[in-house]
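Dear colleague,

I am passing on the structure we spoke about, and below it you will find a short account of what came out of the analysis. Please read the account with the structure open beside it.

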Amino acid sequence: MSTTAQETDTDPTTMSAPTAADTPPPAAAPQAEAVIDLDAVAHNVGILREHAGGATVMAVVKADAYNHGAVPVARAALAAGAGELGVTTLAEGLELKNAGITAPVLSWLHTADSDYAPAVAAGVELGLSSPRHLAAVAEAARQVGKTATVTIKVDTGLNRNGVSREEWTDFLKDLARVEAEGAVRFKGVFSHLAHADEPHHPVIDEQRERFTSALADAKRIGLVPEAAHLSNSAATLTRPDLRFDMVRPGIAIYGLSPVPDLGTFGLRPVMTFRSRVALVKKVAAGEGVSYGHTWVAPHDTTVALLPVGYADGIPRALGGRFEVWLGDDRRPGIGRVCMDQLVVDLGPDGAGVREGDTAVFFGDGEQGEQGVPHAQDWADALDTIHYEVVTSVRGRTVRTYVGGPGGRS
Ligand SMILES: *Cc1c(COP(=O)(O)O)cnc(C)c1O
């Protein structure tokens, strides 16, 4: 969610408490809300720990925990037995440290001219991808007067971030030198897979080979890693042979299957995206609804207006191609999705839906197959992946938390 979204410290008990005459009614729920279930985070970490065997689970909480809120998710994941945290930027690492989190935090995507000093001072561990990055971190460590803990990202075939094969030998020499000098402590080596969501893809085995040979190169010159890690969510759940010392699941922490064709793995979606009915009204047969009248009522009907639109993360491209859970059933979204609002058809009798009722765009699917829509439904309709669906919720959406260590965030 964007920085404009507030995080509210909602006590889950106030949301369902009966309104007794002597207690004030609960504050109206937000017009657009992302409810984050921290108990589901704990549940998912438990599943990942089982698959990880003895390997440590590093919970990946980059991009503000895939838009679920980095600090509360990190705390819930650690309380459930994750051992470390992974993020991309230095700022993301600092946010966790500034919140008082003492578990190891690895930040792995920077430019060589990034300002490493605050991260080194705060004890954020650094993933490095070139001799230039290493030199900059060593310099920051000297300035701050503190040893930087580093993990080397080696490119084994994704050809994105990571030390390239041409630079690997030089990189190791530089690393041995600055480690001997005391500027850095060498902790680990990691790499990232290109085809993890296709568990039998031959490139996975090729990357594994290259990874083990990179580890052997390091060991040969006396650089023995404490922690080697290669697996994201998909590999953690499908390739036990790639566990090494640690696994780095992201999307599975949030309860979304990294290989949807293989099922849910028992994961529970953490985010429920919902809104409340602002208005219920009749629309006569032949009337068009919303901009451009792309939907025309085939018969007299009743519609519900939801005060949420593309500025809040409901893609305009989804217009006419999604359903919401409302009034104990799935109801079709009709006409164009606008910036601030969209319309749902309730059918001729209105299905008993009232103003103020909750409409769920996607969530934990508790109601079963044809029940609450799933982020995957949007991904299918939009020809994308659920990672993009959950990270797109934004705008005026307010994030609230339920469950978690101590029952609140
Ligand atoms: C994002 C990321 C992960 C987590 O990937 P998922 O597919 O979400 O499990 C792991 N490692 C690296 C390097 C990443 O960038």
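**Overall fold and ligand site**

For the 409 residues of this protein, a compact globule would have a radius of gyration near 22 Å, and because the protein has 24 Å, the value agrees with that expectation. Please keep in mind that this is a predicted model. The C-alpha trace spans about 80 × 50 × 40 Å along its principal axes, and the protein contains 12 helices together with 20 strands.

Turning to the ligand, the space that it takes is the largest pocket. The ligand is surrounded by 13 residues, of which Lys62, Tyr66, Ser233, Ile251 and Tyr387 are the closest. When this shell is sorted by class, six of its residues are nonpolar, four are polar and three are charged.

Which atoms of the protein lie 2.8 Å from an oxygen atom of the ligand? One is a polar side-chain atom of Lys62, and another is a backbone N or O atom of Ile251. In the case of Tyr66, a polar side-chain atom lies 2.5 Å from an oxygen atom of the ligand.

With best regards

Notes:
Residues numbered from 1 in each chain as written. Predicted model: local features only at pLDDT ≥ 70, side-chain atom pairs only at ≥ 80, totals over all residues. Heavy atoms only, no water. Near = heavy atom within 4 Å. Polar contact = N/O pair within 3.5 Å; in protein donor to acceptor, adjacent residues only side chain to side chain. 1 Å grid on protein atoms, 1.4 Å probe; cavity = no way out; pocket = protein on both sides within 12 Å on 5 of 7 lines; lining within 4 Å. Sits in = over half its atoms within 2 Å of the grid points. Nonpolar A, V, L, I, M, F, W, Y, C, P; charged D, E, K, R; others polar. Helix = DSSP H or I, 4+ residues; strand = E, 2+ residues; numbered from the N terminus. Rg over C-alpha atoms; globule rule 2.2 N^0.38 Å.
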